[in-house]
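Colleague: Could you help me learn to read a protein model, one feature at a time?
Modeller: Gladly; let us look at it together.

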Amino acid sequence: MTAMAETFDGIVGNEAAIRALAKALDAGVSHAYLFHGPPGVGKRTVARRFGAALVAGGDLVAEERARRGLHPDLSEIRPEGMFTLMDQVREVVKLASSRPFEGARRVIMLDADSFNAESANALLKTLEEPEGETVFILFANAREGVMPTISSRAQSIRFDPVPRPEVAEFLRTRGADEPELYAALGRGSVGLSVRYAEEGELRSLRDVVFRAAFSFDEDFEGRYKVVEEIVDRAKKVGEAREKAVLEGFEEPDLRTKEEAKRAERAGKAARDGAVREAVELLAMLFRDAGVVRFGAGDLVSNVDRVGEIEAAVERTPDADWAGASASLEEARTGLAYNVSSEATLEVALSLTRRQILGFSRGS
Amino acid sequence: MRVVCNTDIFSRKLAQASRGVSNRSTIQLLGGILVEAGSEAVKLSATDMEISVRTSSPAEVEEDGKVVIPARIFNDIVRSLPSGQLTLEYDGSTGTVRLAAGENKYRIRAYAAEDFPQLPEFGEDRAFKMTGEALVDTVEKVSRSYSRDETRPVLTGILISFEDNRVRMVTTDSYRLSIKETELATTFDGNREAIIPARAMQEVGRIFAASDDEQIEVDLSENQALFRIGDVLFGTRLIDGNFPEYRRLLPTSFERRISVDRENLIETLRRVNLFAQRQTPPVPVSLSFSEGAVEVIVRSQEIGEAHEKLPSSSEDDFLISFNPGYLLDGVSALDSEKVVFKCNEPLKPCIIVPNDGEENGGGGDDDTEPDFLYLIMPMRDPSQS
């Protein structure tokens with residue numbers, strides 16, 4: 001039991017999910033799990049711990065090694081771009097039909113949101129009746145988003161955003177300077193909160209987003225400039241990520257093309273993620289303005305910028321802040337479908353501007 | 001860790017171990033060789049998580065220790081050194097390995113040995129010995145008909161069973177099936193069976209070919225098969241799953257038993273197959289039997305036609321068609337003077353066996369089962385339908 005408790009040591013939030021998994025370690029595991037919940041709330045972190053315990057089968061040295069991603073029986077298949085490719089699926093089928101290399105069983109982690117029809121179908125048989133003792137852990141943002149043929153074959157484990165005070169407490173133990181603020185900005189994701197606390201590039205992205213949000217007085221040129229600035233900051237986030245990945249490789253002198261490509265992909269993913277984050281920051285800011293407008297200022301997430309938000313609310317008494325926030329949905333869809341960042345942000349800003357200025361300008 | 005060894009011997013051993021190194025793994029550590037120094041030798045190990053290779057090289061060990069060294073640069077530099085002495089020293093504080101040969105000095109960044117996967121132990125009490133020749137020949141016989149299609153992993157393996165004093169291997173890609181039994185000088189207690197990746201078994205053959213040893217020690221455990229060939233220990237993962245019930249596929253009686261001279265048939269097939277090329281769908285080769293003869297025919301829309309006639313023991317007119325590559329594979333795998341075709345109807349599976357034990361001509365039951373059998377599914381001949 002003590003070993004079980006250690007498996008999930010230091011994980012913040014999601015007690016129910018962890019209880020269910022700890023019980024499974026104790027009483028017997030299913031052959032497939034579906035970890036579902038919003039991005040960033042700890043699905044992968046918990047899965048790696050759970051998977052490490054499963055492959056190690058009680059060997060603490062091996063479990064520790066597995067947590068660091070160095071166990072041959074614990075595999076994490078990351079989608080290449082948007083999709084898990086057929087080549088990767090074939091690899092999964094092969095792994096699933098191999099006896100474990102050194103551990104108690106094999107564990108394979110997969111991103112269920114990245115399956116297209118072809119790869120999902122190719123995996124069905126393996127998921128349904130895995131040969132031997134392979135355990136699958138599937139990730140999805142929402143249970144409903146996963147094909148029923150797949151979700152019905154897996155045990156659901158639900159993950160929720162982590163409550164703000166718990167995240168703040170965790171950040172405090174890591175020595176963050178403004179734990180409350182970063183916990184609020186992280187919106188229930190421990191990982192994102194940590195990034196706000198530790199990545200200057202992300203914080204400076206937020207500064208520009210603030211300017212963009214309150215740029216509704218500006219003309220088209222002014223707005224275009226601020227969009228350019230957001231994209232530029234997003235690029236910096238990407239570059240920082242690429243650099244970090246490259247430095248993570250232990251043999252920089254023998255850096256292969258493959259590794260350079262992997263770093264480049266990680267950088268691009270971080271850049272795209274930063275543009276999406278900019279849209280979320282805009283939405284959060286408009287929501288903050290909305291709660292200030294209705295006198296509930298203590299619900300504001302951007303706790304360090306309340307003054308600015310109040311000033312903006314005062315300037316535009318007739319603004320529909322909730323409408324502005326809702327109008328960003330189109331931008332989210334656009335980014336998911338690879339519409340250019342610049343175009344998406346420009347349209348988003350001009351739509352929100354209409355919601356904010358719509359009434360005051362006419363009267 | 002500090003060891004001194006002979007550069008040439010060490011280089012050879014290192015190259016051998018390097019065959020186990022992964023060249024595409026996301027785990028960088030697996031691109032390395034685990035070097036362990038102790039008791040007059042350096043042990044070298046590598047794995048790509050499917051196979052593992054371990055060997056050792058004699059050395060003067062001045063200080064015990066272990067470390068993982070990136071295989072490519074390690075191998076490349078050691079291989080290109082002049083003959084002489086090589087000193088290998090691991091400095092844990094800087095995480096580097098120092099290599100010295102005379103005045104040549106190199107420093108390679110290394111990994112901690114603790115992170116290397118745990119390789120399976122050779123179970124001495126479970127293990128049994130057999131002649132390498134028998135093992136390798138048996139693998140060779142069935143190696144043509146395993147599947148290259150990774151979506152059905154079970155078929156990429158060889159079903160290997162050890163029973164009493166025999167080893168039997170079976171492969172099938174669902175178009176053809178090979179079964180080879182070999183009698184061994186040794187007897188086992190109890191039966192053992194496993195599905196071993198065919199490619200790993202071919203690697204066993206390569207290692208055996210390069211060694212002077214006559215025996216191979218085999219240890220089949222639940223998750224791994226280990227083969228000890230001289231001072232090389234080769235391990236492979238096992239495939240999990242149910243191998244097809246191949247015995248059910250084998251017809252129990254045959255309407256025809258026709259023998260053809262094997263050498264002549266092979267040469268004929270090689271020539272007529274030129275007209276089949278490698279087209280998709282494949283152009284079939286047809287065997288048109290008549291009394292005392294067989295005509296081997298390929299008709300290609302694109303290229304043209306080939307007809308060759310050979311003597312055979314057939315008694316009536318009978319036409320059957322096959323995938324030309326599959327037929328040639330089966331006929332080549334035999335080593336008897338004659339090939340015996342055992343067939344029923346033209347679209348039912350046909351079996352190819354050597355003529356040993358078939359001397360008394362056609363007819364009669366199989367009193368003496370041949371030790372090799374190749375089952376092949378016929379093709380529908382387009383000109384006949």
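**Reading the model step by step**

Modeller: Let us begin with charge: chain A carries 50 positive and 62 negative side chains, and the centres of these two sets are 2 Å apart. Lys and Arg count as positive, Asp and Glu as negative, while His and the chain ends are not counted. Each charge is placed at NZ of Lys, CZ of Arg, CG of Asp or CD of Glu.

Colleague: What kind of model is this, and how are its parts labelled?
Modeller: This is a predicted model, where local features need pLDDT of at least 70 and side-chain atom pairs count only at pLDDT 80 or more, while totals for chains, interfaces and linings use all residues. Residues are numbered from 1 along each chain as its sequence is written, chains are lettered from A and ligands numbered from 1 in the order in which they are written, and side-chain values use heavy atoms, leaving out hydrogens and water.

Colleague: How many helices and strands does chain A have?
Modeller: Helices (H or I, at least four residues) and strands (E, at least two) are DSSP runs, numbered from the N terminus. Chain A has 17 helices and five strands.

Colleague: Into which domains is chain A divided?
Modeller: Domain bounds come from an automatic or database domain assignment. Here they give domain 1 (3-158) and domain 2 (199-357) of chain A, with C-alpha centres 32 Å apart.

Colleague: Is Asn14(A) buried or exposed?
Modeller: Buried means under 20% relative accessible area, exposed over 50%, and partly exposed in between (1.4 Å probe, protein chains only). Asn14(A), at 10%, is buried. This residue is in the loop between helix 1 (2-7) and helix 2 (15-27) of chain A, and has a positive phi of about 50 degrees although it is not a glycine.

Colleague: And where is Arg187(A) found?
Modeller: Arg187(A) is in the loop between helix 9 (179-185) and helix 10 (190-198) of chain A. Its phi is also positive, near 50 degrees, but with 34% relative accessibility Arg187(A) counts as partly exposed.

Colleague: Which residues is Ser300(B) in contact with, leaving aside its neighbours within four places in sequence?
Modeller: Contact means heavy atoms within 4.5 Å. With those neighbours left aside, Ser300(B) touches Phe275(B), Gln279(B) and Val283(B). Ser300(B) belongs to strand 20 (residues 293-300) of chain B and is buried, with a relative accessible area of 7%.
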